[in-house]
Amino acid sequence: MFINSISHYTPDTVISNQFFEENFGISDNDIFSKSGIRQRRKTKDNENTNSMAIEAVKNAYFDLPYPITDIDLIIGATYTPYDTVGTLAHTIQRQFDIHKAKCFTVDSACSSFVNAVEIVDCFFYKNKAKNALIIVSENNTVYNDFSDNKSGFLWGDGASAIFISNEKCSDDDFEILDVNTSALGNVGKGIDGVCLKPLTGIKMPYGKDVFQNACTYMINETIEILEKNKIPLHNLNYFIPHQANARIIDYVTKSLNLNPSIVLSNIEFFGNTGSASTPIVLSQNKDLFKSNDIIVISVFGGGYSSGALLLKKL
């Protein structure tokens with residue numbers, strides 16, 4: 001599998017830590033020390049999960065090596081849907097008139113992007129698709145209780161569009177060498193660790209349990225996918241961890257004995273953008289990568305769930 005094009009969209013509205021200090025008495029120092037976050041992006045009243053996804057696709061439209069109507073599989077990935085019936089994937093199909101594509105949307109919390117890649121791999125293996133579009137979009141703030149002093153300051157909004165083919169299209173592609181996902185509903189607090197329910201919105205009542213398991217499984221996923229592909233850790237050129245919390249990123253970085261210079265992050269200025277976080281980081285840094293660079297994306301999400309993606313820049 002090959003990533004032919006990747007793009008992202010984040011809203012223009014910036015919510016700084018000053019907002020939480022002025023309205024809820026949560027200081028900038030407290031927020032930054034707990035999370036590493038200074039700012040996050042928030043949708044305007046006329047924006048939502050679907051509209052951000054459309055903008056992300058538009059940002060990749062002219063870089064595609066094939067007509068967008070050649071897409072035959074669209075997978076939406078989100079836990080913050082705008083519409084649970086007319087799904088994210090179907091919205092993109094309609095907006096861009098991609099008439100022959102199979103469409104559905106998946107949710108495995110912040111692991112949803114990597115789960116979607118694994119599903120694409122299965123469709124390609126069975127010759128049921130040749131060109132796929134994964135559209136990842138999270139409108140966390142519309143579900144957020146900003147007054148929640150445990151997690152209300154974590155969440156940001158954003159989207160990414162990832163175009164994947166079963167064959168190489170150009171020398172600018174990223175080759176997907178491997179993908180793995182794990183379901184961890186039986187681990188720790190599991191489905192209660194992070195939740196998004198009617199009336200209460202998105203909550204993280206067991207932050208310590210989330211922290212501990214995120215560290216454990218992001219480390220495990222990274223080591224396992226490299227060992228499976230016989231790539232020594234010291235040959236890793238870049239590491240993109242899920243942007244949940246800077247303290248988690250720091251712990252994982254130190255535990256893997258990685259040079260911080262190869263760890264890519266945007267959490268300080270974009271917050272936790274959920275399952276969209278790692279593809280947004282990949283998109284923001286796509287001009288940084290050189291030929292033959294090895295990149296690992298490692299994620300952890302509610303449920304619990306985890307996964308990893310192994311990439312090589314052609």
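Is Tyr143 buried, partly exposed or exposed? Here are some notes on that and a few other spots; keep in mind that this is a predicted model.

1. Let's start with Tyr143. Its relative accessibility is 26%, so Tyr143 counts as partly exposed. You'll find Tyr143 in the loop that runs between strand 6 (131-139) and strand 7 (157-165).

2. Now look at who sits around Tyr143. Leaving aside residues up to four places away in sequence, Tyr143 touches Thr80, Pro81, Leu196, Gly201 and Ile202. With Pro81, the side chain of Tyr143 reaches the backbone oxygen at 2.5 Å. Gly201 is 58 residues from Tyr143 in sequence, yet their C-alpha atoms are 4.9 Å apart in space.

3. Next, Gln243, in the loop between strand 11 (238-241) and helix 7 (246-255). Its relative accessibility is 0%, so Gln243 counts as buried. A polar atom of the Gln243 side chain lies 3.3 Å from the backbone nitrogen of Ile267. Ile267 is also one of the residues that Gln243 touches, and Leu264, Asn272 and Val281 are among the others.

4. On to the rings: the whole structure holds eleven aromatic pairs. One of them is Tyr61 with Phe62, edge-to-face, with 5.2 Å between centres and 75 degrees between planes. Phe62 is exposed at 74% relative accessible area, while Tyr61 is partly exposed at 37%. Phe300 and Tyr304 have their planes at 45 degrees and their centres 5.1 Å apart, so that pair is tilted. Both Phe300 and Tyr304 are buried.

5. Last, charges over rings. Arg38 lies over the face of Phe32, 3.6 Å from the ring centre. Over the ring of Phe174 sits the charged end of Lys313, 5.4 Å from its centre.

Note on methods:
Residues numbered from 1 in each chain as written. Predicted model: local features only at pLDDT ≥ 70, side-chain atom pairs only at ≥ 80, totals over all residues. Heavy atoms only, no water. Helix = DSSP H or I, 4+ residues; strand = E, 2+ residues; numbered from the N terminus. Buried < 20%, exposed > 50% of the residue type's maximum accessible area, 1.4 Å probe, protein only. Contact = heavy atoms within 4.5 Å. Polar contact = N/O pair within 3.5 Å; in protein donor to acceptor, adjacent residues only side chain to side chain. Phe/Tyr/Trp six-rings, centres within 6.5 Å; stacked < 30°, edge-to-face > 60°. Lys NZ or Arg CZ within 6 Å of the ring centre and 35° of its normal.
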